[in-house]
Amino acid sequence: MLVLLVLSPLVLGISLQKTTSSDADHVLQGWVPNACTLVICAPTERGPKGEKGDQGLPGTQELQGPARPPAIPGPKGDKGSIGEKGPRGESNLPELEQLKTQVRDLQSELDGLKATITKTQKVLLIPSGVIVGEKVFKTDVSGGDYDTGISSCSHLGGKLASPTNAAENNALQQIVIWHNKRAILGINDMATEGKFEYLNGEVIGYSNWAQGEPNNLGNEHCVEMHLDGKWHDRACSLEWLIICEF
Ligand SMILES: [Ca+2]
Ligand SMILES: [Ca+2]
């Protein structure tokens, strides 16, 4: 192809020269086949620009369905009840903290039991018993002399009542009043006249003698409580309400 392009101007020159000869038809008949061959090999010219085509029809728009109506809220459901509390999970507290918690719980239970016991005691003691401080006075409504009183209370695990202060004396007085009967006390001056002692031999530190007592009238070595709570020394062979203390 490169050779043909290089030779084409030369051939064209020769062809044009031949064409200008006097016998044109003869020349054309002798050279045209060759010229056509050369013209066909030359580059072709671009044709005129065509008219612009008509604009196409617009495409159909996709149809949309009808708009959805707004949703109507349904009836409100009942609120569910709260379920039972599940088992308590394991605590992450250190063992010491858990032990402290257990001790506090036990202490709380113990306090409750103490309150219950105290209440039970009060119920059981009324009306034949009284609690005062750490001491309990109680009678089985039996009667007897001093020696009977000592033995009866010892048999019950207590001792003959011996008030050591005003509060205890008042408690004993209540029992005396309830039974409307004088009571014998665990106090005497058998060892030394005029020196009153408790059953353990200790000299009394509290007394509530009636006016004019003790007078040792007729050799009196025991002590009785009257309904007013006052004390009188009396003969130990008389009979009284026996009240024990525990
Ligand atoms: Ca006496
Ligand atoms: Ca007396």
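## Disulfides

The link of Cys222 and Cys236 is right-handed, with 105° about the S-S bond. The pair joins distant parts of the chain, with Cys222 in strand E7 and Cys236 in the loop between strand E8 (231-234) and E9, 14 residues apart. In this predicted model, local features need pLDDT of at least 70 and side-chain atom pairs count only at pLDDT 80 or more, while totals for chains, interfaces and linings use all residues. Side-chain values use heavy atoms, with hydrogens and water left out; residues are numbered from 1 along each chain as its sequence is written, and chains are lettered from A and ligands numbered from 1 in the order in which they are written.

The sulfur atoms of Cys222 and Cys236 are 1.8 Å apart; a disulfide is a pair of cysteine sulfur atoms within 2.5 Å. Cys222 is buried at 0% relative accessible area, whereas Cys236 is partly exposed at 22% (buried is under 20% relative accessible area, exposed over 50%, partly exposed in between, with a 1.4 Å probe and protein chains only).

The count comes to two disulfides. Cys153 and Cys244 form a disulfide with their sulfur atoms 1.9 Å apart. Its S-S torsion is about -85°, so the disulfide of Cys153 and Cys244 is left-handed. Because Cys153 lies in helix H4 and Cys244 in strand E10, this pair ties together parts that are 91 residues apart in sequence. Both Cys153 and Cys244 are buried. With bonded cysteines counted along the chain, the pattern is 1-4, 2-3.

## Helix H4

Helices (H or I, at least four residues) and strands (E, at least two) are DSSP runs, numbered from the N terminus. Helix H4 covers residues 146-155, and Tyr146, Gly149 and Cys153 in it are buried. Seen down the axis of H4, these buried residues fall within an arc of 55°, so they line one face of the helix; the arc is that of the directions from the helix axis to the C-beta atoms. The face turned away from the buried side carries the exposed residues Asp147 and His155.

The buried residues of H4 pack against several strands, including E5 (183-188) and E7 (222-225). Ile150, also in H4, is partly exposed at 29% relative accessible area. Ile150 touches Leu160 and Leu199, not counting residues up to four places away in sequence (contact means heavy atoms within 4.5 Å).

## Calcium site

The calcium ion (ligand 2) is coordinated by Glu213 (OE), Asn215 (OD1), Glu220 (OE), Asp233 (O) and Asp233 (OD), at 1.8 to 2.4 Å. Donors are N, O and S atoms within 2.8 Å of the metal (3.2 Å for Na, K and Ca); water is not among the atoms, so sites may look incomplete. Both Glu213 and Glu220 are buried.
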